[in-house]
Amino acid sequence: MEISQELSDSINDQINFELYSAYIYLSMAAWFEQKNLPGMAHWMEVQVDEEYAHAMRFYRHITERGGRVLMKAIKGPETEWSSALDVFETAYEHEKIVTARIYKIGDLADSQGDRAAKGMLEWFYDEQVEEEKNTSEIRDNLKMIGDNVHALLMLDRELGARPAAAAPPTDSTAP
Ligand code: MG
């Protein structure tokens with residue numbers, strides 16, 4: 001079943017939004033670098049790779065099904081935050097927006113009876129649970145830490161150990 005134009009358009013928009021997400025996290029990495037929090041900068045760099053992999057998964061889905069991916073301009077990200085807590089609060093709020101967008105694409109796939117798209121989106125539903133959990137946990141840790149510099153540096157070291165992201169999948173249904 002060839003993908004519908006409407007569904008292809010909405011997934012195209014999501015490719016752009018995932019690349020925008022990568023750009024936001026790279027902006028956050030650069031902010032952390034300047035604040036001398038290299039562990040948090042590293043955590044954000046891994047997140048950039050994850051967002052690129054998300055974009056590629058959507059990209060593969062359209063191309064595998066005879067659709068055409070069209071690149072568009074990527075919006076400029078925020079560049080300033082008031083604290084590490086502010087950064088992770090922003091990241092968590094952003095991931096909630098991503099989840100809502102992906103649910104909307106799922107509703108559209110449902111309304112068209114597009115089970116292939118639904119299958120591909122199932123992976124994203126699980127992934128978004130992880131994304132919201134990861135960002136909200138770090139936000140909560142930073143809330144507890146408050147003004148304790150020692151604890152902040154401990155957390156920075158911990159986040160610096162985040163393993164590299166998996167390479168982008170070569171097809172949209174890869175595990
Ligand atoms: Mg994403």
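Donors are N, O and S atoms within 2.8 Å of the metal; water is not among the atoms, so sites may look incomplete. The model is predicted.

**Exercise 1.** Determine which residues coordinate the magnesium ion and how the donor residues are spaced in sequence.

Solution. Start with the donor atoms: Glu 18 (OE), Glu 51 (OE) and His 54 (ND1) coordinate the magnesium ion at 2.1 to 2.2 Å. Along the sequence, the spacing of these donor residues reads E-x32-E-x2-H. Finally, check accessibility: Glu 18 and His 54 are both buried.

**Exercise 2.** Describe the packing of helices α4 and α5.

Solution. Two packed helices are described by the angle between their axes and the distance between the axes. For α4 (residues 115–145) and α5 (residues 149–159), the angle is about 160° and the axes are 9 Å apart. Angles over 145 degrees count as roughly antiparallel, and α4 and α5 are therefore roughly antiparallel to each other. The crossing of α4 past α5 is right-handed. On the α4 side, the contact is made by Ile 138, Asn 141, Leu 142 and Ile 145; α5 contributes Ala 151, Leu 152, Leu 155 and Leu 159. Sorted by class, this contact has 7 nonpolar residues, 1 polar residue and no charged residues.

**Exercise 3.** Is Asn 36 buried or exposed?

Solution. Locate Asn 36 in the loop between α1 and α2. Its relative accessibility is 62%, so Asn 36 counts as exposed. For the backbone, Asn 36 has a positive phi of about 60°, although it is not a glycine.

Methods
Residues numbered from 1 in each chain as written. Predicted model: local features only at pLDDT ≥ 70, side-chain atom pairs only at ≥ 80, totals over all residues. Heavy atoms only, no water. Donors = N, O, S within 2.8 Å, 3.2 Å for Na, K, Ca; no water. Buried < 20%, exposed > 50% of the residue type's maximum accessible area, 1.4 Å probe, protein only. Axes fitted to C-alpha atoms, helices over the stretch in contact; angles between N-to-C directions. Helix = DSSP H or I, 4+ residues; strand = E, 2+ residues; numbered from the N terminus. Parallel < 35°, antiparallel > 145°, perpendicular 65-115°, else oblique. Left-handed = near helix turned anticlockwise from the far one by under 90°. Contact = heavy atoms within 4.5 Å. Nonpolar A, V, L, I, M, F, W, Y, C, P; charged D, E, K, R; others polar.
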